[in-house]
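Please keep the sequence and the structure in view while reading.

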Amino acid sequence: MTETEIMDFAHAEFEWLHAHPELAYEELETTARLRADFARAGIRMRDLPLATGLVAVIGTGENPVVALRTDMDALPVNEETNLPYASQYEGKMHACGHDFHMASVLAAALLLKEREAQLAGTVYIVCQPAEEAPGGARTVLDTGALDGVAAIFGIHARPIYPVGTLGLCTGGMMASVDKFELTFHGAGTHAAQPDRGCDPVVMAAQFVTAAQTIAARNISPLRPAVVSVTHIEAGATWNVLPERAWMEGTIRLFDADDRALVKERMETLADGIAAAFGGRAEITWTAGPPAVINTERWNALAKETAEQEGFAVVDAVPWMAGEDFAYYQETMETCFAFIGTGLAPENHHPKFTVDPAAIPMTARCLAHMAEEALWRLK
């Protein structure tokens with residue numbers, strides 16, 4: 001295929017993928033579509049115990065090995081874009097740009113296949129399920145398919161930058177993610193006789209306010225930290241104090257020590273507030289991915305190749321959202337870049353859109369990064 005044919009094909013696949021979004025671990029149609037695309041191009045695929053997702057192989061099959069990663073899953077969002085290729089599935093939408101990621105990485109793979117004989121090693125194309133779960137990266141890593149990979153490159157659509165912009169960070173790029181659930185246990189009573197009970201609603205209200213002091217008074221103002229209570233439930237009627245008040249929320253940070261400190265302070269505050277009012281607190285944590293932090297030498301490579309491919313490279317604004325690409329950095333070196341996809345509503349918004357004009361530049365840049373990384377690892 002010529003480069004023009006590759007880009008036209010990738011554009012068409014982008015529209016198909018956008019119109020057929022699938023949620024985390026349900027990406028059956030998407031996986032089948034990508035498998036067919038790779039098979040038609042003569043790109044071999046690893047035989048892996050994955051229900052959804054795949055790993056394709058281009059190059060010599062020998063070391064060194066680098067990887068390009070795309071996520072595949074969509075979000076439970078009703079699309080409101082009015083695009084001619086809008087989602088055909090009610091309540092599902094590619095509202096985070098994973099369709100763009102897939103199309104760009106697919107095109108990069110086809111470019112690499114055309115010059116496979118010149119590669120100085122092997123490139124794995126990682127089509128990962130369930131980034132939004134999150135946890136799909138762990139699913140791929142657990143197969144052992146990426147053992148021996150020296151470096152992996154990933155991208156994320158960002159509608160805060162115009163097409164032709166690539167953003168990189170030297171420190172934390174995307175935040176660690178933890179979910180908490182907190183229950184205050186009290187004693188129910190008639191609302192007219194609060195002295196006869198122990199009010200967990202008051203405990204919950206005190207905690208919501210006090211928790212904001214953790215970032216304000218325990219974390220350096222030079223390091224971002226978010227503590228958000230997002231959901232509260234207590235009681236069932238207007239004239240009864242309930243026995244319990246439940247809430248959930250999230251913390252987002254870039255520093256591992258801060259992550260541990262915030263958890264400790266939240267537990268201490270919850271226990272202290274509950275004790276002060278005569279109740280009891282119970283908090284549980286669900287750990288998400290760590291912060292995304294690029295390897296310095298691959299950051300430099302990304303900047304160099306992006307500029308050669310015509311990108312305006314900017315110092316990216318760190319994003320407090322999470323990204324399970326971070327799991328890859330536990331076993332290999334990593335580089336993650338923000339790609340400008342045209343100014344539009346923010347990711348996860350029902351009117352989020354990607355300008356497909358970003359696909360050709362991104363594909364060429366990713367292919368170039370992979371090729372150059374292999375030569376530098378030789």
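The model is predicted, so local features need pLDDT of at least 70 and side-chain atom pairs count only at pLDDT 80 or more, while totals for chains, interfaces and linings use all residues. Residues are numbered from 1 along each chain as its sequence is written, and side-chain values use heavy atoms, with hydrogens and water left out.

## Salt bridges

Side chains of opposite charge can pair when their charged atoms come close. A salt bridge is counted here when a side-chain nitrogen of Lys or Arg lies within 4 Å of a carboxyl oxygen of Asp or Glu. The structure contains 22 salt bridges.

| R33 | E13 | 2.8 Å |

Helices are DSSP runs (H or I, at least four residues) numbered from the N terminus. In the pair of E13 and R33, the former belongs to helix α1 (residues 3-19) and the latter to helix α2 (residues 28-40), so the bridge ties together parts that are 20 residues apart in sequence. K303 and E307, by contrast, both belong to helix α7 (residues 296-308), where they stand four residues apart, about one turn of the helix.

A residue is buried under 20% relative accessible area, exposed over 50% and partly exposed in between (1.4 Å probe, protein chains only). K179 is partly exposed at 35%, and E181 is partly exposed at 27%. K303 is also partly exposed, at 39%, as is E307, at 41%.

Salt bridges also link R69, D71, E323 and D324 in a network.

## Aromatic rings

A pair of aromatic rings is described by the distance of the centres and the angle of the planes. Rings of Phe, Tyr and Trp (its six-membered ring) pair if their centres lie within 6.5 Å; planes under 30 degrees apart count as stacked, over 60 as edge-to-face and the rest as tilted. The whole structure has eight aromatic pairs. In one of them, the ring centres of F325 and Y328 are 5.6 Å apart and the planes stand at 65°, so the pair is edge-to-face. F325 is buried, at 0% relative accessible area, and Y328 is likewise buried, at 0%.

A charge sits over a ring if NZ of Lys or CZ of Arg is within 6 Å of the ring centre and within 35 degrees of the ring normal. R33 lies over the face of W16, at 4.3 Å from the ring centre. The charged end of R158 sits over the ring of F338, 5.7 Å from its centre.

## Cavity

On a 1 Å grid over the protein atoms alone, a cavity is a set of points where a 1.4 Å probe fits but cannot get out, and lining residues have an atom within 4 Å of a point. The search finds one cavity of 30 Å³ or more. Its lining is formed by F14, H18, L83, Y85, H94, D99, F352, T353 and V354.

Conventions:
Helix = DSSP H or I, 4+ residues; strand = E, 2+ residues; numbered from the N terminus. 1 Å grid on protein atoms, 1.4 Å probe; cavity = no way out; pocket = protein on both sides within 12 Å on 5 of 7 lines; lining within 4 Å. Points joined across faces, edges and corners; volume = space filled by probe spheres on them.
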